[in-house]
Amino acid sequence: MSELVFEKAADERKDAPRGQTRAERATVRPASAAQKSQRRARAPKPRGLKIAAWLQTFAELMWLPQAACLAHGIGLIARGEGVSAVLPLAAAVLALGFLKAIAERAGSRLAYRTARAILSEKREAALAALSRRSPLDTSRVASGEAASVIAEQAEHIVPYLARFQTARFKATVVPLAILAVIFPFSWIAGLVLLIAAPLIPVFMALIGWSAQSASEKHLADMGTLNAFLLDRLRGLSTIRAFDAVDLVSRRLTLRAENLRRRTMSVLRIAFMTSAVLELFSALGVAMAAAYIGFHLLGQIGFGAWGGTLTLSEGLFILLLAPAFFDPLRMLSSVWHDRAAGEAALSALDKLAEDGLSMVGAEKEDIAPAKASDRVRPVSVEFRDLGFVHQGSRDPVFEGFNLHVAPGEHVALLGPSGSGKSTLLALLAGLAELRHGRILIDDVTLDDANAARLRTRMAWIGQNPHLFAGSIAGNIRLHRDDISRGAVADALKLASLDHVAEAHGNAMVGENGAGLSGGEALRLTLARAAANRAAGLIIADEPTAHLDHRTASDIAEALLTLASGRTLIVATHDPILAERMDRTIRLNADFREVAQ
Ligand SMILES: Nc1ncnc2c1ncn2[C@@H]1O[C@H](COP(=O)(O)OP(=O)(O)OP(=O)(O)O)[C@@H](O)[C@H]1O
């Protein structure tokens, strides 16, 4: 039944609002304050990230004992001690360095692995939600937009989780630990750092507000440009046919220029953030160094709790001062990961939301039909059917009844909008009924049975979506259980074997480029034929937009395919309808059925 979903997805373009395709709309829009706080609440913090943050913080803290050993060693050398006194300290510095490197590496690996696992989970959830959604759901995200979010923007989550979250934790713990170590030696050096430090977050927050909005606008523009490109590439032949290539390329240039300006403003803010940070950290370190220098020279006597700092103590403070600012500098360098990461998380979460679901969408892991399965025609019954489209007030069906016997071939006729396609979609379980039941071989099409029943159906759509690839690949559609022989039989049945031979291993282009309209339809017939267990063929206007000769060829192939199977076909074609066992005429008021 997967082909049914694929083909309906291709029809989604007609659901886009007028004047602007959904693909054209921005993928990530600047968020309101409420949305932002919601997002922050959603940022995942699993155990792996917490452990990674602790490991990296531990690695950073290793500098404290290293600095102590270095300062003490230099103090010993200054006092004229021999190399033997310094050697154990040098060994300790080396050993601590190893420990630091190991902890740093383990922390980074764990952080990246966890972030990638979260990304995969989020991607899977988004894809699962998309596959559960009914093709009738008009609020479904456009394919271009979904592809851009899942494939490209989602990658921003990794640096956000792996770098920003751990950097933030380090920036909270490490400066406090360093202050706690410096204060017992000199309250004045601690005070200098304590005063310089908060200025950094304050300035970063001030700059961060504009950075956040600039980043979001940048991402939104990137999404719009992606969606615009994808949409226009898909419609390239239409653009050429209407001689609009120049106009479209001018619009593209305009959008690219907008994106360039946005990128520059994000970069400007990024440079400003790091300049401010460097300034304050340099000032902080310089002031601490000036105090220590003058204190050691005896020019400033206070600030060491009434005592005097030794050379080792002074050096120790001097070595720690830059390390005090390091985590803050790191945090600023990954500051921009946050905006992009949170926007990507929110876009993925939006995709993972459930909309109008197919019946039994949760149970898609049903074993496919085996080659040995024999085709068995099925009976179909619509009993007191009531259905209203999402967002619509007028019911399409109200008290509709119809029985189709096993092996019967039925045509649904009726004016445009009378509900033919809707009836076929309901039969395939693409939407929940308002009331009534659909029985297939006396089994109710409900959440428990729909997935299994769908394996016994084959769908032939009006606008079959053909994927770029070989003809055989397009028939098989990743259904590995379909053998080469089955593909050859299906091609023969759809009278497509000579076309397949002529094509050889040549690829069919996107949307069936390289095949005629009739051949593309035959390919859909072959897809249905390859499903050996399909006892029910559902065909939605298979001969629409075809010339008389091709239409009659397709009708012939359809009848061959449907022999020994139940066939329900929606059509406007009286010649095709005539060849069916029975014709059902749906009235325009959607209620009555005339036979
Ligand atoms: N996804 C949808 N959401 C809301 N309303 C819909 C949706 N699809 C169809 N409709 C509406 O339901 C009614 C029946 O549409 P349907 O496509 O079933 O008619 P049809 O008989 O197949 O028409 P046609 O012969 O032109 O294909 C129409 O009024 C249509 O506007």
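Guide: Start at the ligand. The shell around the ligand holds 15 residues, and His389, Ser416, Lys420, Ser421 and Thr422 come nearest. Keep in mind that this is a predicted model. By class, the shell has 11 polar residues, three nonpolar ones and one charged one.

Which element gives the largest share of the shell? Helix 13 does, with three residues.

Helix 13 spans residues 420–427. Eight of its eight residues are buried, so helix 13 is largely enclosed by the rest of the structure. Lys420, Ser421 and Thr422 are buried. The buried residues of helix 13 also include Leu423, Leu424, Ala425, Leu426 and Leu427. The cut-off behind that word is 20 or more other C-beta atoms within 10 Å of a residue's own. After the helix comes glycine 429, and its phi is positive, near 75°.

Now the sheet under this helix. Four strands make up an open sheet, in the order 2-1-4-5, with antiparallel pairing. Strand 2 (395–404) and strand 5 (443–444) are the edges, and each pairs on one side only. Helix 13 packs on this sheet and touches strand 1, strand 2 and strand 4. The direction of helix 13 makes about 115° with that of strand 1. Strands of a sheet pair through backbone hydrogen bonds, either parallel or antiparallel.

Take one pairing in detail. Strand 1 covers residues 380–388 and strand 4 covers residues 435–440. Five bridges join these two strands in the antiparallel sense. In one of the pairs, glycine 386 has histidine 435 in strand 4 as its bridge partner.

Strand 3 comes next. Strand 3 runs over residues 409–413, and four of its five residues are buried, so it is largely enclosed by the rest of the structure. What does strand 3 pair with? Strand 8 (residues 566–570) runs parallel to strand 3, and four bridges join them. Alanine 411 stands opposite valine 569 in strand 8. Strand 9 (residues 582–586) also pairs with strand 3 in the parallel sense, over four bridges. Here valine 410 has arginine 582 in strand 9 as its bridge partner.

Is alanine 344 buried or exposed? Alanine 344 has 24 C-beta neighbours inside 10 Å, so it counts as buried. Leaving out residues up to four places away in sequence, alanine 344 touches Gln153, Ala154, His156 and Ile157. Alanine 344 and glutamine 153 are 191 residues apart in sequence, yet their C-alpha atoms are 5.6 Å apart in space.

Then the record. An unreviewed UniProt entry lists residues 83–103, 167–185, 269–294 and 300–325 under "transmembrane region". Check two of these stretches against the model. Residues 83–103 are 100% helix and 0% strand, with the end C-alpha atoms 30 Å apart. Residues 269–294 are likewise 100% helix and 0% strand, and their end C-alpha atoms are 37 Å apart.

Last, the whole chain. The protein chain has 20 helices and 10 strands. Of its 595 residues, 42% are buried. Among contacts with a separation of 6 or more, 85% come from residues 24 or more positions apart.

Conventions: Residues are numbered from 1 along each chain as its sequence is written. This is a predicted model: local features need pLDDT of at least 70, side-chain atom pairs count only at pLDDT 80 or more; totals for chains, interfaces and linings use all residues. Two strands pair if DSSP finds at least two bridges between them. Two residues are in contact if their C-beta atoms, placed from the backbone, lie within 7 Å. Axes are lines fitted to C-alpha atoms, for helices over the stretch in contact, and angles run from 0 to 180 degrees between N-to-C directions. A residue is buried if 20 or more other C-beta atoms lie within 10 Å of its own, exposed if 12 or fewer, and partly exposed in between; C-beta atoms are placed from the backbone. A residue is near a molecule or strand if its C-beta atom, placed from the backbone, lies within 6 Å of it. Ala, Val, Leu, Ile, Met, Phe, Trp, Tyr, Cys and Pro count as nonpolar, Asp, Glu, Lys and Arg as charged, and the others, Gly among them, as polar. UniProt positions are given in the numbering used here, feature names are shortened, and annotations may be inferred rather than shown by experiment.
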